[in-house]
Amino acid sequence: MIQAFIFDLDGVLTDTAEYHFLAWQQLATQLGIEFSRADNELLKGVDRMGSLELILQLGQKQLSLDEKLMLAEQKNTEYLKLVESMSPADLFPGVLPLFSSLKAAGVKTALASASKNAALVLQKLCIPDLFDYVADSNLIKNGKPDPEIFLTCAQALGVAPERCIGVEDAPAGVTAIKAAGMYALGIGEEHALTQADLVIPAISALDQTLLTKLLTL
Ligand code: BG6
Ligand code: MG
(Lines give C-alpha, C1' and ligand atoms only; values in the text may rest on other atoms or scores of the structure.)
(Ligands and ions follow the chains in the order given, each with its own letter.)
Protein backbone atom coordinates (compact mmCIF):
# COMPACT_ATOMS: atom_id res chain seq x y z
CA MET A 1 0.00 0.00 0.00
CA ILE A 2 1.22 3.48 -0.86
CA GLN A 3 1.64 5.69 2.22
CA ALA A 4 3.24 8.86 0.85
CA PHE A 5 3.33 11.15 -2.17
CA ILE A 6 6.49 13.19 -2.75
CA PHE A 7 6.03 16.09 -5.15
CA ASP A 8 8.34 18.16 -7.26
CA LEU A 9 7.24 21.82 -7.40
CA ASP A 10 8.29 23.59 -10.61
CA GLY A 11 6.17 22.30 -13.50
CA VAL A 12 4.19 19.91 -11.30
CA LEU A 13 2.18 22.10 -8.91
CA THR A 14 2.61 25.40 -10.78
CA ASP A 15 4.04 26.75 -14.03
CA THR A 16 7.37 28.01 -12.66
CA ALA A 17 9.15 25.59 -15.04
CA GLU A 18 8.18 28.10 -17.74
CA TYR A 19 9.61 31.00 -15.70
CA HIS A 20 12.92 29.12 -15.28
CA PHE A 21 12.98 28.55 -19.06
CA LEU A 22 12.28 32.22 -19.87
CA ALA A 23 14.99 33.43 -17.48
CA TRP A 24 17.57 30.96 -18.85
CA GLN A 25 16.63 31.83 -22.41
CA GLN A 26 17.21 35.52 -21.74
CA LEU A 27 20.65 34.75 -20.32
CA ALA A 28 21.54 32.44 -23.22
CA THR A 29 20.55 35.09 -25.75
CA GLN A 30 22.76 37.62 -23.97
CA LEU A 31 25.64 35.14 -24.19
CA GLY A 32 24.97 34.51 -27.90
CA ILE A 33 23.98 30.88 -27.23
CA GLU A 34 21.02 29.32 -29.02
CA PHE A 35 18.78 27.72 -26.43
CA SER A 36 15.55 25.96 -27.42
CA ARG A 37 12.69 24.41 -25.46
CA ALA A 38 14.14 21.01 -26.41
CA ASP A 39 17.49 22.03 -24.85
CA ASN A 40 15.57 23.17 -21.78
CA GLU A 41 14.25 19.64 -21.13
CA LEU A 42 17.76 18.68 -19.97
CA LEU A 43 17.82 21.54 -17.47
CA LYS A 44 14.51 20.70 -15.81
CA GLY A 45 15.03 19.53 -12.24
CA VAL A 46 18.75 20.36 -12.39
CA ASP A 47 20.01 22.89 -9.84
CA ARG A 48 21.00 26.46 -10.72
CA MET A 49 24.75 26.05 -11.27
CA GLY A 50 24.26 22.69 -12.98
CA SER A 51 21.79 24.31 -15.38
CA LEU A 52 24.21 27.15 -16.16
CA GLU A 53 26.97 24.62 -16.87
CA LEU A 54 24.68 22.84 -19.37
CA ILE A 55 23.94 26.11 -21.19
CA LEU A 56 27.65 27.02 -21.32
CA GLN A 57 28.43 23.53 -22.69
CA LEU A 58 25.80 24.08 -25.36
CA GLY A 59 27.55 27.29 -26.44
CA GLN A 60 31.02 25.75 -25.90
CA LYS A 61 31.90 28.62 -23.56
CA GLN A 62 34.36 28.44 -20.71
CA LEU A 63 34.05 31.06 -17.99
CA SER A 64 35.68 31.69 -14.62
CA LEU A 65 33.87 30.74 -11.41
CA ASP A 66 33.29 34.43 -10.62
CA GLU A 67 31.68 35.00 -14.02
CA LYS A 68 29.50 31.93 -13.58
CA LEU A 69 28.36 33.02 -10.12
CA MET A 70 27.49 36.44 -11.52
CA LEU A 71 25.47 34.94 -14.40
CA ALA A 72 23.63 32.53 -12.09
CA GLU A 73 22.72 35.49 -9.87
CA GLN A 74 21.52 37.44 -12.90
CA LYS A 75 19.30 34.57 -14.04
CA ASN A 76 17.86 34.30 -10.55
CA THR A 77 17.04 38.03 -10.48
CA GLU A 78 15.11 37.60 -13.77
CA TYR A 79 13.34 34.53 -12.39
CA LEU A 80 12.36 36.35 -9.20
CA LYS A 81 10.82 39.17 -11.25
CA LEU A 82 8.48 36.59 -12.82
CA VAL A 83 7.70 34.96 -9.46
CA GLU A 84 6.91 38.34 -7.90
CA SER A 85 3.44 38.55 -9.47
CA MET A 86 2.43 34.96 -8.59
CA SER A 87 -0.68 34.31 -6.51
CA PRO A 88 -2.81 31.32 -5.43
CA ALA A 89 -4.47 31.54 -8.86
CA ASP A 90 -1.21 30.14 -10.31
CA LEU A 91 -1.64 26.80 -8.58
CA PHE A 92 -2.38 24.19 -11.28
CA PRO A 93 -6.02 23.02 -11.38
CA GLY A 94 -6.63 19.91 -9.31
CA VAL A 95 -3.85 20.45 -6.75
CA LEU A 96 -6.03 21.43 -3.77
CA PRO A 97 -8.64 18.68 -4.32
CA LEU A 98 -5.81 16.15 -4.71
CA PHE A 99 -4.27 17.15 -1.38
CA SER A 100 -7.71 16.94 0.30
CA SER A 101 -8.12 13.41 -1.05
CA LEU A 102 -4.61 12.43 0.08
CA LYS A 103 -5.27 13.79 3.59
CA ALA A 104 -8.63 12.01 3.75
CA ALA A 105 -6.89 8.75 2.77
CA GLY A 106 -4.22 9.25 5.46
CA VAL A 107 -1.46 9.57 2.86
CA LYS A 108 1.52 11.73 3.86
CA THR A 109 2.94 14.38 1.53
CA ALA A 110 6.34 15.99 1.02
CA LEU A 111 7.93 18.49 -1.33
CA ALA A 112 11.20 17.56 -3.06
CA SER A 113 12.18 20.68 -5.00
CA ALA A 114 15.73 21.48 -6.09
CA SER A 115 14.86 25.17 -6.07
CA LYS A 116 16.35 27.56 -3.53
CA ASN A 117 13.23 29.65 -4.21
CA ALA A 118 10.76 26.88 -3.29
CA ALA A 119 9.78 28.45 0.04
CA LEU A 120 9.03 31.76 -1.68
CA VAL A 121 6.92 30.08 -4.38
CA LEU A 122 4.98 28.14 -1.71
CA GLN A 123 4.32 31.45 0.07
CA LYS A 124 3.11 33.09 -3.14
CA LEU A 125 0.75 30.16 -3.73
CA CYS A 126 -0.34 30.26 -0.06
CA ILE A 127 0.43 26.55 0.37
CA PRO A 128 3.38 26.33 2.82
CA ASP A 129 1.19 24.30 5.23
CA LEU A 130 -0.01 21.81 2.64
CA PHE A 131 2.90 19.38 3.15
CA ASP A 132 3.90 17.16 6.06
CA TYR A 133 7.54 17.83 5.12
CA VAL A 134 9.36 20.25 2.81
CA ALA A 135 12.95 19.33 1.89
CA ASP A 136 15.49 22.13 2.23
CA SER A 137 17.52 22.07 -1.00
CA ASN A 138 20.35 23.90 0.83
CA LEU A 139 20.93 20.72 2.85
CA ILE A 140 20.91 18.35 -0.14
CA LYS A 141 24.47 17.47 -1.23
CA ASN A 142 23.63 15.61 -4.44
CA GLY A 143 21.03 17.13 -6.76
CA LYS A 144 18.65 15.25 -9.07
CA PRO A 145 19.18 12.77 -10.80
CA ASP A 146 20.69 11.59 -7.50
CA PRO A 147 17.92 10.10 -5.30
CA GLU A 148 19.05 11.99 -2.15
CA ILE A 149 16.21 14.54 -1.98
CA PHE A 150 13.49 11.88 -2.43
CA LEU A 151 15.11 9.55 0.13
CA THR A 152 15.44 12.47 2.57
CA CYS A 153 11.70 13.14 2.21
CA ALA A 154 10.76 9.48 2.70
CA GLN A 155 12.93 9.27 5.80
CA ALA A 156 11.46 12.48 7.25
CA LEU A 157 7.94 11.11 6.68
CA GLY A 158 8.92 7.74 8.18
CA VAL A 159 7.75 5.85 5.09
CA ALA A 160 9.75 3.17 3.23
CA PRO A 161 10.73 4.25 -0.32
CA GLU A 162 8.78 1.40 -1.91
CA ARG A 163 5.62 2.78 -0.28
CA CYS A 164 6.17 6.23 -1.86
CA ILE A 165 5.07 7.72 -5.16
CA GLY A 166 7.28 10.49 -6.56
CA VAL A 167 5.70 13.02 -8.92
CA GLU A 168 7.96 14.77 -11.44
CA ASP A 169 7.91 16.66 -14.75
CA ALA A 170 11.67 16.39 -15.36
CA PRO A 171 13.67 13.47 -16.79
CA ALA A 172 16.36 14.08 -14.11
CA GLY A 173 13.64 14.00 -11.44
CA VAL A 174 12.13 10.75 -12.71
CA THR A 175 15.60 9.17 -12.72
CA ALA A 176 16.02 10.32 -9.09
CA ILE A 177 12.67 8.77 -8.07
CA LYS A 178 13.49 5.43 -9.71
CA ALA A 179 16.99 5.43 -8.16
CA ALA A 180 15.27 5.96 -4.78
CA GLY A 181 13.26 2.78 -5.38
CA MET A 182 9.91 4.58 -5.63
CA TYR A 183 7.03 4.52 -8.10
CA ALA A 184 7.51 7.40 -10.58
CA LEU A 185 4.49 9.33 -11.77
CA GLY A 186 5.55 11.55 -14.66
CA ILE A 187 3.78 14.78 -15.56
CA GLY A 188 4.15 15.72 -19.22
CA GLU A 189 4.80 13.71 -22.35
CA GLU A 190 5.59 10.00 -22.42
CA HIS A 191 8.45 10.30 -24.93
CA ALA A 192 10.28 12.74 -22.62
CA LEU A 193 9.77 10.70 -19.43
CA THR A 194 10.58 7.20 -20.59
CA GLN A 195 11.69 5.95 -17.15
CA ALA A 196 8.41 6.85 -15.45
CA ASP A 197 6.02 4.07 -14.38
CA LEU A 198 3.08 6.15 -15.61
CA VAL A 199 2.88 9.50 -17.40
CA ILE A 200 -0.13 11.80 -17.22
CA PRO A 201 -0.42 15.14 -19.06
CA ALA A 202 -1.08 17.28 -15.97
CA ILE A 203 -1.64 16.96 -12.23
CA SER A 204 -5.39 17.48 -12.85
CA ALA A 205 -5.45 14.03 -14.51
CA LEU A 206 -4.69 12.52 -11.10
CA ASP A 207 -8.39 12.27 -10.26
CA GLN A 208 -10.10 10.15 -7.61
CA THR A 209 -10.29 7.07 -9.90
CA LEU A 210 -6.57 7.11 -10.71
CA LEU A 211 -5.67 7.95 -7.11
CA THR A 212 -7.64 4.96 -5.82
CA LYS A 213 -5.73 2.71 -8.27
CA LEU A 214 -2.34 4.15 -7.32
CA LEU A 215 -3.00 3.87 -3.58
CA THR A 216 -3.47 0.13 -3.85
CA LEU A 217 -0.20 -0.47 -5.72
C1 BG6 B 1 14.16 23.02 -10.21
C2 BG6 B 1 13.85 23.49 -11.62
O3 BG6 B 1 12.98 22.78 -9.53
O4 BG6 B 1 14.90 24.03 -9.52
C5 BG6 B 1 15.11 23.92 -12.34
O6 BG6 B 1 13.23 22.42 -12.31
C7 BG6 B 1 15.86 24.96 -11.52
O8 BG6 B 1 14.76 24.45 -13.60
C9 BG6 B 1 16.15 24.39 -10.13
O10 BG6 B 1 17.07 25.32 -12.14
C11 BG6 B 1 16.88 25.36 -9.22
O12 BG6 B 1 16.08 26.48 -8.99
P13 BG6 B 1 16.59 27.80 -8.27
O14 BG6 B 1 15.29 28.54 -8.00
O15 BG6 B 1 17.29 27.38 -7.03
O16 BG6 B 1 17.48 28.51 -9.22
MG1 MG C 1 10.00 20.23 -12.09
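Predicted model: local features only at pLDDT ≥ 70, side-chain atom pairs only at ≥ 80, totals over all residues.
Two packed helices are described by the angle between their axes and the distance between the axes. For helix 4 (residues 65-84) and helix 6 (residues 118-125), the angle is about 15° and the axes lie 11 Å apart. Angles under 35 degrees count as roughly parallel, and helix 4 and helix 6 are therefore roughly parallel to each other. Their crossing is right-handed.

The contact itself can be followed residue by residue. Helix 4 contributes Y79, L80, V83 and E84, which meet L120, V121 and K124 of helix 6. Of the residues in this contact, five are nonpolar and two are charged, while none is polar.

Attention now turns to strand 4, which covers residues 164-168. Buried here means under 20% relative accessible area. Five of the five residues of strand 4 are buried, so the strand is largely enclosed by the rest of the structure. The burial applies to both faces: C164, G166 and E168 point one way, I165 and V167 point the other way, and all are buried.

Strand 4 also has pairing partners. Strand 1 (residues 4-7) pairs with strand 4 in the parallel sense over four bridges, and I6 stands opposite G166 of strand 4. Strand 5 (residues 183-187) likewise pairs with strand 4 in the parallel sense, over four bridges. In that pairing, I165 stands opposite Y183 of strand 5.

Conventions:
Residues numbered from 1 in each chain as written. Chains lettered and ligands numbered in written order. Heavy atoms only, no water. Axes fitted to C-alpha atoms, helices over the stretch in contact; angles between N-to-C directions. Helix = DSSP H or I, 4+ residues; strand = E, 2+ residues; numbered from the N terminus. Parallel < 35°, antiparallel > 145°, perpendicular 65-115°, else oblique. Left-handed = near helix turned anticlockwise from the far one by under 90°. Contact = heavy atoms within 4.5 Å. Nonpolar A, V, L, I, M, F, W, Y, C, P; charged D, E, K, R; others polar. Buried < 20%, exposed > 50% of the residue type's maximum accessible area, 1.4 Å probe, protein only. Pairing = 2+ DSSP bridges.
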